[in-house]
Amino acid sequence: MFLSDEATKIPLRPAASQIGAADWEVLSHFWYPVAIAAEIADHPAKASLLDVDLVLFRDEKDQVAIALDRCPHRFIRLSSGQVRDGLIECPFHGLRFDGTGQCRHIPSLGRSAKLPQRYAVRTFPARERYGLIWTCLGDPAAHDIPFLPEFADMPAADITFAPVSDWAISAPRQIENFFDLSHLPFVHASTLGGNQDSPLKPGRIEQAADAVTLHAEYSESDGAGGHHLAYYTYRIVLPFVIDFQVHYADEARKPLISCDIASPVSAHVSRVFQLHKVEGGPTAGAALVNMLEAVNAEDRAILAELAFADLPLGQAHEIHLPVDNIAHSYRAGLRALGLGKAD
Ligand code: FES
Ligand SMILES: [Fe+2]
């Protein structure tokens with residue numbers, strides 16, 4: 001469409017979104033992280049969620065505010081502007097908006113002009129939890145921000161964050177890859193290792209209304225030809241959060257306490273946040289992140305070979321092996337949310 005009239009609504013879900021309207025509606029009511037809080041400083045930051053472009057900035061109270069990245073005057077991206085005294089200023093005609101979205105200054109009207117309430121940009125809730133900024137495009141009361149007990153009482157400064165990156169893969173595919181046990185000895189042969197020829201026992205699954213948990217054993221390489229028996233627990237909080245722990249049979253080895261979150265930027269792009277609880281200060285944190293970045297690079301390389309980007313929720317289209325029982329339960333959980341229905 002080139003021109004539109006008064007009666008034509010501009011829906012929040014862009015017409016070009018490849019996330020079907022019914023799935024988009026379901027997903028819009030969940031909370032997702034869009035940034036690491038400490039990384040939002042004095043410049044506007046961009047984020048995209050479910051194909052909706054957002055701008056993040058620090059308001060007059062130094063709180064992070066989230067607005068639609070579209071100036072209500074002539075639709076220029078506010079993220080291309082600047083933040084002045086806690087107001088975001090559009091670079092086109094200088095309109096300034098506060099953290100609630102209200103327009104507070106229009107240069108062409110002068111400083112004393114009274115501005116109507118409807119002169120506002122649409123905003124979304126911004127909550128800081130686990131050092132991340134979370135938002136919800138739909139009904140914020142429909143769901144809670146996922147509870148991550150290991151990180152709940154940690155000051156954000158003590159949490160180790162992997163560099164945030166956008167993966168060219170859908171959020172459910174990123175989550176499935178993270179809990180996929182039988183790819184470990186193949187994709188991660190040079191990092192996590194494992195025995196390609198030894199059969200894998202399917203893990204034990206617990207299913208709850210909002211989460212699916214897998215308890216499984218895996219034999220990790222010790223880098224010297226031997227192996228460590230590890231106990232993996234993946235608690236997948238629907239739809240796209242994994243609360244992940246690794247404990248070792250050898251209790252002298254430190255456990256791994258992590259979280260992987262795939263925030264759905266669009267149908268086939270995810271912004272991935274990974275949090276770790278690391279003992280031993282920043283040096284130990286940096287070493288772990290370095291090692292896991294090598295693991296992530298291996299995942300991204302194999303996922304670049306994915307020949308069908310969408311995730312079929314039914315059973316009919318792919319082969320399912322006993323060790324994929326967790327994927328089966330995860331997909332059932334997504335279906336139970338109402339996802340995967342035709343528009
Ligand atoms: S388009 Fe933003 S001030 Fe005019
Ligand atoms: Fe992997």
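Modeller: The centres of domain 1 and domain 2, taken over C-alpha atoms, are 33 Å apart. This is a predicted model: local features need pLDDT of at least 70, side-chain atom pairs count only at pLDDT 80 or more, and totals for chains, interfaces and linings use all residues. Residues are numbered from 1 along each chain as its sequence is written, and chains are lettered from A and ligands numbered from 1 in the order in which they are written.

Colleague: What are the bounds of domain 1 and domain 2?

Modeller: Domain 1 covers 33-145 and domain 2 covers 152-336. Such bounds come from an automatic or database domain assignment.

Colleague: How many residues of domain 1 are in contact with domain 2?

Modeller: Twelve, and they meet eleven residues of domain 2. Contact means that two C-beta atoms, placed from the backbone, lie within 7 Å.

Colleague: Which strand gives the most to that side of domain 1?

Modeller: β1, with three residues. Strands (E, at least two residues) and helices (H or I, at least four) are DSSP runs, numbered from the N terminus. The protein chain has six helices and 19 strands.

Colleague: Why is the protein chain called as compact as a globular protein of its length?

Modeller: Its radius of gyration, taken over C-alpha atoms, is 22 Å.

Colleague: What share of the protein chain is buried?

Modeller: Buried residues make up 35% of the 343. A residue is buried if 20 or more other C-beta atoms, placed from the backbone, lie within 10 Å of its own, exposed if 12 or fewer, and partly exposed in between.

Technical notes: The radius of gyration is taken over C-alpha atoms; the globule rule is 2.2 Å times the number of residues to the power 0.38.
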